[in-house]
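Please go through the model shown below, with attention to its pockets, its helix packing and its backbone geometry. The questions and answers follow the structure.

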Amino acid sequence: MCVIAYIETARLSEHQVTQMYDANDHGGGAAWREDGVVKWSKGLNRNAMVALAAELPLPHVLHFRIASANTSKSALACHPFPIDAEVTLGYTGETDGSVLFHNGFWHDWKNKILNASFTGHIMVPSGPWSDSRGLAWAAHNFGLGLLEMTGEKVIT
């Protein structure tokens with residue numbers, strides 16, 4: 001299962017970051033606030049995660065990914081995902097809004113997204129998908145309160 005680390009007051013050691021990455025080595029991601037916006041970077045290898053953990057402003061979030069079953073293994077499927085209409089893909093970005101990190105597996109996520117799209121006539125963006133990107137898409141279209149109702153472990 002993925003690991004989400006919310007780093008508020010004390011930095012993780014190189015050893016801690018290495019341990020988390022080695023146990024969840026499908027790619028890393030990070031998000032932090034800077035100049036009034038949320039910035040993110042993802043699809044990161046172990047060395048990049050160690051470097052970011054040492055230099056990002058506090059607080060920040062680090063995510064170490066293991067791809068869920070039946071989800072894309074693309075580095076673009078790493079977390080975080082911006083909570084916007086496109087659930088924008090890219091290795092780096094920034095938003096005035098929020099980003100989503102997810103730990104676990106959202107059961108039957110594809111059917112839930114398809115049903116919501118067809119019922120609500122809502123466009124589903126292209127690109128690699130995972131249950132986590134689906135949660136970010138759903139949160140954009142139906143509100144952050146939906147995340148509380150799913151029972152999934154997320155941080156925005």
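Predicted model: local features only at pLDDT ≥ 70, side-chain atom pairs only at ≥ 80, totals over all residues.

Residues are numbered from 1 along each chain as its sequence is written, and side-chain values use heavy atoms, with hydrogens and water left out.

Q: Which strand gives the most to the lining of the largest pocket?
A: Strands here are DSSP runs of E with at least two residues, and helices are runs of H or I with at least four, both numbered from the N terminus. At least two lining residues come from each of β2 (28–34), β4 (60–64) and β7 (99–103). The most, three residues, come from β2.

Q: What is the volume of the largest cavity?
A: A cavity is a set of grid points where a 1.4 Å probe fits but cannot get out, and a volume is the space filled by probe spheres set on the points, which are joined across faces, edges and corners. The search of the whole structure finds one cavity of 30 Å³ or more, and the lining of the largest cavity includes Cys 2, Arg 65, His 79 and Asp 131. The space in this largest cavity is about 40 Å³.

Q: At what angle do helix α1 and helix α2 pack?
A: Axes are lines fitted to C-alpha atoms, for helices over the stretch in contact, and angles run from 0 to 180 degrees between N-to-C directions. Helix α1 (residues 14–23) and helix α2 (residues 46–55) have axes 9 Å apart, and their packing angle is about 145°.

Q: Is Cys 78 buried or exposed?
A: Cys 78 sits in the loop between β4 and β5 (81–82), and, leaving aside residues up to four places away in sequence, Cys 78 touches His 26, Gly 27, Gly 28, Lys 42, Gly 43 and Arg 65, where contact means heavy atoms within 4.5 Å. Buried means under 20% relative accessible area, exposed over 50%, and partly exposed in between (1.4 Å probe, protein chains only). Because its relative accessible area is 1%, Cys 78 is buried.

Q: Which residue is joined to His 79 by a cis peptide bond?
A: Another cis bond runs from Leu 58 to Pro 59, with omega near -5°, and Pro 59 lies in the loop between α2 and β4. The bond at His 79 has omega of about 15°, and the residue joined there is Pro 80.

Q: What is the phi of Asp 35?
A: Asp 35 lies in the loop between β2 and β3 (37–44) and is exposed, with a relative accessible area of 72%. Although Asp 35 is not a glycine, its phi is positive, at about 55°.

Terms used: 1 Å grid on protein atoms, 1.4 Å probe; cavity = no way out; pocket = protein on both sides within 12 Å on 5 of 7 lines; lining within 4 Å.
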